[in-house]
Amino acid sequence: MPDFADHAQDAETLHRQAALSLAGGNAVAGEQIRDNGVIVCRDCGEPIPGARLRILPTACRCVACQEAAEADQC
């Protein structure tokens, strides 16, 4: 059974991965980030809607962040 320390460690990992992503690191590129079982956007940290995950089960960004990332690549 997870305790406070487990939750704190999970939160720290999530925040570290998000910071690496924002800094342009490749450590989390293409990997989904889970927060208490919910898949969250690797850029903004918000939950990725279920409708998006049904269409693209491997999504690691929300629609807005994915569009921004694609616009930066053009």
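**Layout and core**

Modeller: Counting from the N terminus, the elements of the protein chain come in the order α-β-β-α-α. Bear in mind that this is a predicted model.

Biologist: How many helices and strands is that?

Modeller: The protein chain has 3 helices and 2 strands.

Biologist: And what share of the residues counts as buried?

Modeller: Of the 74 residues in the protein chain, 26% are buried. The chain exposes about 5,200 Å², and carbon and sulfur atoms supply 56% of that area.

Biologist: Which residues make up the largest nonpolar core?

Modeller: That core has 7 residues: I39, C41, I48, L53, A59, C62 and C65.

Biologist: I see cysteines in that list. How many disulfides does the structure hold?

Modeller: The structure holds 0 disulfides. For C41, the nearest cysteine sulfur is that of C65, 3.7 Å away, and C41 is in no disulfide. C62 is in no disulfide either; its nearest cysteine sulfur also belongs to C65, at 3.6 Å.

Biologist: Is C41 buried or exposed?

Modeller: C41 counts as buried, because its relative accessibility is 1% and the cut-off for buried is under 20%. C62 is buried too, with a relative accessible area of 11%.

Biologist: What is C41 in contact with, sequence neighbours aside?

Modeller: Leaving out neighbours within four places in sequence, C41 contacts E46, I48, C60, R61, C62 and C65.

Biologist: There's an arginine in there. Where is R61 placed?

Modeller: R61 lies in the loop between α2 (50-55) and α3 (63-73).

Biologist: Buried or exposed, that R61?

Modeller: R61 counts as buried because its relative accessibility is 14%, and buried means under 20%.

Biologist: What does the R61 side chain make a polar contact with?

Modeller: With the side chain of D43, at 2.7 Å.

Biologist: And what else does R61 touch?

Modeller: Not counting residues up to four places away in sequence, R61 touches C41, R42, D43, I48, R52, Q66 and A69. Two of those, C41 and I48, belong to the largest nonpolar core.

Technical notes: Residues numbered from 1 in each chain as written. Predicted model: local features only at pLDDT ≥ 70, side-chain atom pairs only at ≥ 80, totals over all residues. Heavy atoms only, no water. Core = buried A, V, L, I, M, F, W, Y, C linked by side-chain atoms within 4.5 Å. Buried < 20%, exposed > 50% of the residue type's maximum accessible area, 1.4 Å probe, protein only. Contact = heavy atoms within 4.5 Å. Helix = DSSP H or I, 4+ residues; strand = E, 2+ residues; numbered from the N terminus. Polar contact = N/O pair within 3.5 Å; in protein donor to acceptor, adjacent residues only side chain to side chain. Disulfide = S-S within 2.5 Å. Areas by Shrake-Rupley, 256 points an atom, 1.4 Å probe, with all protein chains shown as cover.
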